[in-house]
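Trainee: Could we go through this model together? I would like to start with the helices and then turn to the side chains.

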Amino acid sequence: MQSDQSSYIPILMQFILAVGFVVGTIFISGKLGPKRNSEIKDKNFECGIESVGNARIPFSVKYFLVAILFVLFDVEVIFLYPWAINFKELGMEGMVKMVIFMLLLLVGFFYIIKKKALEWE
């Protein structure tokens with residue numbers, strides 16, 4: 001299949017249209033939008049509570065670890081859906097592969113439990 005530069009024109013046009021729409025929307029909303037400034041309106045808003053202290057306090061690493069583990073196991077569970085849909089077509093070979101996948105999942109889960117990654121202090 002021959003490819004020349006003219007076949008990229010629709011992609012370029014779509015990109016220009018998308019960027020133009022975003023820039024145009026921001027520009028027009030800035031010109032047409034209300035412009036009421038006041039001391040109260042220009043303050044930072046934190047759920048209606050007055051800000052006290054430094055906003056850059058460190059979070060516990062456990063928080064991020066649990067979040068990453070959630071995403072990891074969530075993505076792995078997503079792999080179960082296509083397998084369940086095609087269960088009959090995959091046959092015994094698909095079953096063996098999924099058992100191996102689940103065993104690896106369980107090994108990782110027991111490793112996490114052994115390292116006490118899910119326990120809060």
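Predicted model: local features only at pLDDT ≥ 70, side-chain atom pairs only at ≥ 80, totals over all residues.

Trainee: What does α4 span between its end C-alpha atoms?

Mentor: Helix α4 covers residues 87-114 and spans only 33 Å between its end C-alpha atoms. A straight helix of 28 residues would span 40 Å at 1.5 Å a residue.

Trainee: Where does α4 bend?

Mentor: The bend is at Glu93, and it amounts to about 75°.

Trainee: How does α1 look next to the span expected for it?

Mentor: Helix α1, residues 9-32, reaches 33 Å from its first C-alpha to its last. That is close to the 34 Å expected for its 24 residues at 1.5 Å a residue.

Trainee: And how many residues of α1 are buried?

Mentor: The count is 0 among its 24 residues, and α1 is hardly covered.

Trainee: Back to α4, then. Which residues are buried there?

Mentor: Gly94, Met98, Leu105 and Ile112 are buried in α4.

Trainee: What covers them?

Mentor: The cover includes α2 (61-78) and α3 (80-85).

Trainee: Let us change topic to charges. How many salt bridges are there?

Mentor: The count comes to 1 salt bridge. Glu93 forms it with Lys97, and the closest N and O atoms are 3.0 Å apart.

Trainee: How far apart are Glu93 and Lys97 along α4?

Mentor: They are 4 residues apart in helix α4, so about one helical turn separates them. Glu93, where α4 bends, is exposed, and Lys97 is exposed as well.

Trainee: What about Glu76, is that residue buried or exposed?

Mentor: Glu76, found in helix α2, is buried yet has no salt bridge. The nearest side chain of opposite charge is Lys97, which is 17 Å away.

Trainee: Which residues is Glu76 in contact with, leaving aside its neighbours within four places in sequence?

Mentor: Glu76 is in contact with Phe101 and Leu105. Leu105 is one of the buried residues of α4.

Trainee: Now the aromatics. How many aromatic pairs does the structure hold?

Mentor: There are 4 aromatic pairs. One of them is formed by Phe73 and Phe109, which are edge-to-face, with 6.0 Å centre to centre and 90° between the planes.

Trainee: Which parts does that pair tie together?

Mentor: Phe73 lies in helix α2 and Phe109 in helix α4, so the pair ties together parts that are 36 residues apart in sequence.

Trainee: And Phe109 with Phe110, why is that pair tilted?

Mentor: The ring centres of Phe109 and Phe110 are 6.2 Å apart and their planes are at 55°, so the pair is tilted. The edge-to-face class needs planes over 60 degrees apart. Phe73, Phe109 and Phe110 form one aromatic cluster.

Methods:
Residues numbered from 1 in each chain as written. Heavy atoms only, no water. Helix = DSSP H or I, 4+ residues; strand = E, 2+ residues; numbered from the N terminus. Expected span 1.5 Å × (residues − 1). Bend = angle between axes of the 7 residues up to and from the residue. Buried < 20%, exposed > 50% of the residue type's maximum accessible area, 1.4 Å probe, protein only. Contact = heavy atoms within 4.5 Å. Lys, Arg positive; Asp, Glu negative; His and termini not counted. Salt bridge = Lys/Arg side-chain N within 4 Å of Asp/Glu carboxyl O. Phe/Tyr/Trp six-rings, centres within 6.5 Å; stacked < 30°, edge-to-face > 60°.
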